[in-house]
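Hi,

Here is the structure I promised to pass on.

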Amino acid sequence: MWYCKLVRSPRRKSALVFVLKALLPYSKENLILSFRPNRFFNELEKTSGYSQKTLRETSRRAQHQGLIEIKEKNLRLTALGERTARPYIASRLKGGGKLMIIFDIPENRSGARQQLRALLIKWDFKQVQKSVWITDYDHRDSIKYAVRELHLEGCARLYECDLLYPSS
């Protein structure tokens, strides 16, 4: 599955995330890099904190995984690469809104539950209760896609909500 490769430690973004985000149109990284395409890895090294060697190797691995391709001597995201990078540039919900996912996944599907929790952590969700997670970021499409990929359609519900009490 496309998202399992990116689930690691929630503390630092992987080099792969930086490379993919830099190729995603209109992302902050892409706008910075678009003015200096021939210095792609130099600029990415400055913004990511990873060495050029690490970023180049990550780029090669991403090509082998089908996340990026080379067209006319330029790196481009594939559809799979775009789906993989999209959750990492989610915007905040307007007006203090929150996105909440509630799930009840049977014990015989514990592997899928663990994968979903790992994704929620990676995407900046906070655990409110055991199976209730909330975030300020708009991950609607990513969550819907992950739930479909994990075959959890009947086990998970997604809500947009706001805190009413206690007030901040």
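In what order do the four strands of the open sheet come? The order is 4-5-3-6, and the pairing is antiparallel. (Helices, H or I of at least four residues, and strands, E of at least two, are DSSP runs numbered from the N terminus; two strands pair if DSSP finds at least two bridges between them.)

Before the rest, some housekeeping. This is a predicted model, so local features need pLDDT of at least 70 and side-chain atom pairs count only at pLDDT 80 or more, while totals for chains, interfaces and linings use all residues. Residues are numbered from 1 along each chain as its sequence is written, and side-chain values use heavy atoms, leaving out hydrogens and water.

(Axes are lines fitted to C-alpha atoms, for helices over the stretch in contact, and angles run from 0 to 180 degrees between N-to-C directions.)

Strand 4 (residues 126–129) and strand 5 (residues 132–135) make a hairpin with two residues between them. Three bridges hold this antiparallel pair: Gln 129 stands opposite Val 132, and Lys 126 has Ile 134 as its bridge partner.

Two helices lie across the strands. Helix 7 (residues 140–149) lies across strand 3 and strand 6, at about 170° to strand 6. Ser 142, Ile 143, Tyr 145, Ala 146 and Val 147 are the buried residues of helix 7 (buried is under 20% relative accessible area, exposed over 50%, partly exposed in between, with a 1.4 Å probe and protein chains only). They pack against helix 5 (79–85), strand 3, helix 6 and strand 6, where contact means heavy atoms within 4.5 Å. Just after helix 7, His 151 takes a positive phi of about 55°.

Then there is a helix pair. Helix 3 (residues 40–48) and helix 4 (residues 52–64) pack at an angle of about 110°, their axes 9 Å apart. They are therefore roughly perpendicular (65 to 115 degrees; under 35 is roughly parallel, over 145 roughly antiparallel, the rest oblique). Helix 3 contributes Phe 41, Asn 42, Leu 44, Glu 45 and Ser 48 to the contact, and helix 4 contributes Gln 52, Leu 55, Arg 56 and Ser 59.

Cheers
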